[in-house]
Amino acid sequence: MLRILGLCVWGVRTVWHTESDGVFFCPDCGGDRSYRRRTGRRLLTVMGLPVAPRGQAGPVVECSACHGRHGTEALEHPTSARLTAMLRDAAHAVALAVLVAGGPDSRRARRAAAEAVREAGFPDCTEEELRALLAVRCPEGTPADDCGNRLAEQLRDALGPLAGHLALQGCEHLLVQGARIALSDGPYLPAERETLAAVGRCLMMSPEHTDSTLEAVARTPS
Ligand SMILES: [Zn+2]
């Protein structure tokens, strides 16, 4: 902007246009906020009047609360509400997979799984409900491998999208929940150990970290 005797002679002004809106997690004010996705046209101005175009600006994502502007990659981060729902679904998928690996007939494991799922955010989950869910997903007569593959796929679907957004403690927490279900009726079985290793892989934890976490849970009385 050029000033002569305190007057703006020429400058560049951006005229913003809103293309869409929604809710995102604002990294500036740290919460779920509404946003406007905006693009702009830069205009050369003389004495405050637009005289010529000077290209495009944006697109940007503008927070409605703090008015901070971010690149559109800010929309890739899940909102807190979405993250909570993803965590809940992940805990549910882990509980089911561990239960199948250990044999769903164990009453103690079913009880521990239902408790983990309730804690994760499905307060009405019961052992019966888990048993019914398993019967639907792995009907009687399904070869064990098919059943395991199906649950492994569900595990990947539930945990994969979380992996990039969860702090290490969050990943460990999910793994520990699964480990407690596996240990509720005795030491880890090979199939349980394998399932828990798959949980670690889906969460992008190193095999060493997964192993040390699982061993630490096994040493800790519940
Ligand atoms: Zn904000």
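Colleague: Among contacts between residues at least 6 apart in sequence, what share join residues at least 24 apart?
Modeller: In the protein chain that share is 59%. Contact means heavy atoms within 4.5 Å.

Colleague: Where does the model come from?
Modeller: This is a predicted model: local features need pLDDT of at least 70, side-chain atom pairs count only at pLDDT 80 or more, and totals for chains, interfaces and linings use all residues. Residues are numbered from 1 along each chain as its sequence is written, and side-chain values use heavy atoms, with hydrogens and water left out.

Colleague: How many helices and strands in the protein chain?
Modeller: Seven helices and five strands. Helices (H or I, at least four residues) and strands (E, at least two) are DSSP runs, numbered from the N terminus. The pattern along the sequence is β-β-β-β-β-α-α-α-α-α-α-α.

Colleague: Is the chain spread out or a compact globule?
Modeller: The protein chain is more spread out than a compact globule, because its radius of gyration is 26 Å, well over the 17 Å that the globule rule gives for 222 residues. That radius is taken over C-alpha atoms, and the rule is 2.2 Å times the number of residues to the power 0.38. The C-alpha trace spans about 85 × 35 × 30 Å along its principal axes.

Colleague: Which domains is it divided into?
Modeller: Domain 1 (2–76) and domain 2 (80–219). The bounds come from an automatic or database domain assignment. The two centres, taken over C-alpha atoms, are separated by 45 Å.

Colleague: Switching topic. How many salt bridges?
Modeller: The count is nine. A salt bridge is a side-chain nitrogen of Lys or Arg within 4 Å of a carboxyl oxygen of Asp or Glu. One of them pairs Arg37 with Glu19, with the closest N and O atoms 2.4 Å apart. That pair links distant parts of the chain: Arg37 is in strand 3 (residues 31–46) and Glu19 in strand 2 (residues 7–26), 18 residues apart.

Colleague: What about Glu62 and Arg38, buried or exposed?
Modeller: Both are buried. Buried means under 20% relative accessible area, exposed over 50%, partly exposed in between (1.4 Å probe, protein chains only). Their side chains meet in a salt bridge, 3.5 Å from N to O. Here too distant parts are linked: Glu62 is in strand 4, Arg38 in strand 3, 24 residues apart.

Colleague: Which residue forms a salt bridge with Glu62 at 2.9 Å?
Modeller: Arg69. Salt bridges that share partners join Arg36, Arg38, Glu62 and Arg69 into one network.

Colleague: Why does His67 count as exposed?
Modeller: Because its relative accessibility is 51%.

Colleague: Last one. Which residues make the nonpolar surface patch?
Modeller: Trp10, Val46, Met47 and Val51, making about 380 Å². Patches are made of residues with over 30% relative accessible area and no salt bridge: like charges are joined within 9 Å, nonpolar side chains (Val, Leu, Ile, Met, Phe, Trp, Tyr) within 5 Å. Areas come from the Shrake-Rupley method with a 1.4 Å probe; for residues, only the protein chains shown count as cover. Val51 lies in strand 4 (residues 49–63).
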